[in-house]
Amino acid sequence: MSLVKLTIKGISYSQTQNGAYALILNEVDGERKLPIVIGAFEAQSIAIALEKEIKPPRPLTHDLFKSFADRFDIVVKQVIIHKLVDGVFYSSIICERDKIEEIIDARTSDAIALALRFQAPIFTYKNILDKAGIYLNPSGNEGEMGDGVLSEPETFGQSNEPTPTAGSGLNTYSLAELNDMLEAAVQDEDYEKAARIRDEISKRES
């Protein structure tokens, strides 16, 4: 399976899930976005790594891991988002020490927080991006969404279209309604909601 390189577009606060954030990854040689819902601590750690000028007074957990790895000559070579099951992303950290490569299982948010600190590339497989990636509007206008920080279960994934209430599930909507809702959520740049709708669509199509 072919790998697709990703970059971090930014982080936006979840409008529907308290304490959660949507991490937006960009396809390097394409236009698709891969939104992943992460917790507040991981979002803060990623945000600090993105903003080079911010230096916490005491090391965060991921900073400690970086210091530990540096001390013992462990290098993170790359991160691969390698599996998507029931809306949950699974990632691997590819490490190297003394020219011996090891693969370590990790939550996607932790893996990305470490990739930033090691300046390691982030990849996913094409079939995962085909399943979970979303497009912005065709004009390519991304509104106010800029690079860096914007505005835990690690899953992927409001408008005038049908909108589920807090207590209702997306499974009550037809595929046609879900596709309309997905398009509307992307237009509104509500990536966290778009990710959840895309998850429901993918589960039905699998």
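**Strands and a loop, questioned**

Mentor: In this predicted model, strand β1 (residues 3-13) and β2 pair in the antiparallel sense, over seven bridges.

Trainee: What makes β1 and β2 a pair?

Mentor: Two strands pair if there are at least two bridges between them. β1 and β2 have seven bridges. So they count as paired. For example, the bridge partner of S12 in β2 is A22.

Trainee: How do you know that β2 and β3 pair?

Mentor: Use the same cut-off, at least two bridges. β2 and strand β3 (residues 32-39) have seven bridges, in the antiparallel sense. Therefore they pair. L25 stands opposite L34 in β3. The two strands form a hairpin, with four residues between them.

Trainee: Why is strand β2 (residues 20-27) called largely enclosed?

Mentor: Count its buried residues. Buried means under 20% relative accessible area. Seven of the eight residues of β2 are buried, so the rest of the structure largely encloses this strand.

Trainee: Now the loop between β5 (88-97) and β6 (100-106). Why is D98 called exposed?

Mentor: Exposed means over 50%. D98 has 58% relative accessibility, so it counts as exposed.

Trainee: And what makes K99 exposed?

Mentor: K99 is also placed in the loop between β5 and β6. Its relative accessible area is 79%. The cut-off is over 50%, so K99 is exposed.

Trainee: What makes the phi of D98 worth a look?

Mentor: Most residues other than glycine have a negative phi. D98 is not a glycine, yet its phi is positive, about 55°. K99 is a residue other than glycine too, and its phi is positive, near 65°.

Terms used:
Residues numbered from 1 in each chain as written. Predicted model: local features only at pLDDT ≥ 70, side-chain atom pairs only at ≥ 80, totals over all residues. Heavy atoms only, no water. Buried < 20%, exposed > 50% of the residue type's maximum accessible area, 1.4 Å probe, protein only.
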